[in-house]
Amino acid sequence: MTDFQRIILVHYHEIGLKGHNRASFETRLLKNLEALLAGFPVVTIHRISGRLCVFLREGADWDTSVAASEAIGRVPGVARVSSGYKCERDLDEMVEAAVLALTEAGEFSTFKVAARRNHTDFATGSMDMNRIIGGALCDAYPDKGVRMKDPDVTVGVEVVQNASYVYARSVPGVGGLPVGSSGKVMCLLSSGIDSPVATWKLARRGAVCIGVHFSGRPQTSDASEYLVDDIARVLERTGCIARVYTVPFGDYQREIALAVPPELRVIMYRRLMFKVAEALAARERAGALVTGESLGQVASQTLDNIRATDDAVDMPVFRPLIGTDKLEIIGEAQRLGSYEISSQDAPDCCTLFMPRSPETHAKLPVVREVESALPVERWVAEIVEAVEVRDYACPAYKPKAR
């Protein structure tokens with residue numbers, strides 16, 4: 001039996017729809033994968049005919065290939081991941097590789113062959129390759145059926161300039177765009193369920209995500225900060241977070257609670273948070289703020305209160321979960337891997353000095369008048385000066401000086 005080199009083909013969808021700048025998206029995805037696969041026995045990654053090919057070292061086993069494939073599938077920009085083999089442009093070798101690949105495809109009843117040649121200097125056409133390789137697979141698996149529409153397994157055969165790639169096991173990826181291809185955003189990140197999902201959704205659209213966590217310290221413990229670090233470690237696995245600023249916010253909440261009508265406390269907390277996040281965004285040259293708000297979920301997330309909060313800043317505020325209900329968000333958090341962390345109880349600024357009956361329909365003129373009596377500019381300057389910073393592994397991020 002020939003000892004073929006294991007390869008992993010990385011397919012994308014949205015990137016393939018790009019025009020003249022498509023190469024920059026492909027390069028960004030390639031660089032992200034190079035960094036994120038550092039723990040795997042990868043020889044190199046090449047761009048080949050509308051996809052990327054990850055070459056594993058000689059001797060890499062099936063378990064390693066599967067683990068690498070699953071890691072790749074979680075990286076934004078990847079639509080599908082296929083595990084297989086590299087072989088010569090020889091039909092006998094292609095047949096041998098196809099039989100081997102199909103044995104590793106898992107349980108199946110039906111299959112088909114989808115072959116294509118990217119260079120006409122290979123004499124056998126796609127239809128003939130389908131027939132020859134398909135016939136050999138029928139002989140090797142006489143109890144399996146051929147189905148041209150919606151088979152259980154598709155055996156792919158790609159003939160390129162100097163080699164052939166044969167694969168059968170394919171798993172879906174998360175799709176989207178590679179992190180680093182859509183600018184930078186500042187994400188308000190708590191230890192709760194919603195904001196990590198919102199952060200991941202922006203990363204999946206290609207944004208480099210910088211977190212800012214408002215801790216209730218020193219009025220509460222710092223437990224939420226450890227949970228946010230754990231959440232950031234989950235996001236870090238796929239390069240979806242670059243840095244987290246921690247803001248000790250409790251004393252400023254206390255000042256607000258003593259100075260403003262109780263029903264407006266939450267609005268004032270959030271306006272100050274937004275102003276601090278905007279200042280940090282300017283430092284990072286980020287283009288928007290991101291929150292995990294969902295319309296009507298809590299008192300601060302009514303239309304009137306969202307409007308009153310947005311008024312505090314000039315930059316766009318993205319709310320990727322705005323039309324999502326709690327059960328949907330929980331499902332996303334479970335798939336992301338942050339749900340168990342976010343389900344742990346920890347005191348934070350969200351529950352500190354909360355009024356019994358918060359305003360649900362704040363009037364903007366009233367909010368502005370109340371805020372005008374507060375030393376907001378001084379507070380923002382003090383908070384930004386006192387922030388604590390922690391960096392995470394994000395291949396697309398070049399850290400600014402602290």
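**The whole chain first**

Among contacts (heavy atoms within 4.5 Å) between residues at least 6 apart in sequence, 79% join residues at least 24 apart. Before you click further, note that this is a predicted model: local features need pLDDT of at least 70, side-chain atom pairs count only at pLDDT 80 or more, and totals for chains, interfaces and linings use all residues. Residues are numbered from 1 along each chain as its sequence is written, and side-chain values use heavy atoms, leaving out hydrogens and water.

Zoom out and show the C-alpha atoms: they fill a box of roughly 80 × 40 × 35 Å along the principal axes. Of the 402 residues, 52% are buried (under 20% relative accessible area with a 1.4 Å probe, protein chains only). Now switch to cartoon view, where you can find 13 helices and 14 strands (DSSP runs, H or I of at least four residues for helices and E of at least two for strands, numbered from the N terminus).

**Stop one: the sheet with 8 strands**

Select β1 to β8. They form an open sheet with mixed pairing, in the order β2-β3-β1-β4-β8-β7-β5-β6; two strands pair if DSSP finds at least two bridges between them. At its edges you'll find β2 (42-48) and β6 (145-146), each pairing on one side only.

Next, pick residues 5-11 and 51-56. These are β1 and β3, paired in the antiparallel sense over 4 bridges. Click on Ile7: its bridge partner in β3 is Phe55.

**Stop two: helices on that sheet**

Now select β9 to β14. Here 6 strands form an open sheet in the order β13-β12-β9-β10-β11-β14, again with mixed pairing. Why is one side of β13 (317-318) and of β14 (388-391) left without a neighbour in the sheet? Both stand at the edges, each with a single partner strand.

Finish on residues 184-188 and 208-215: β9 and β10 pair in the parallel sense over 5 bridges. Click Met186, and look for its bridge partner Ile210 in β10.

Notes
Buried < 20%, exposed > 50% of the residue type's maximum accessible area, 1.4 Å probe, protein only.
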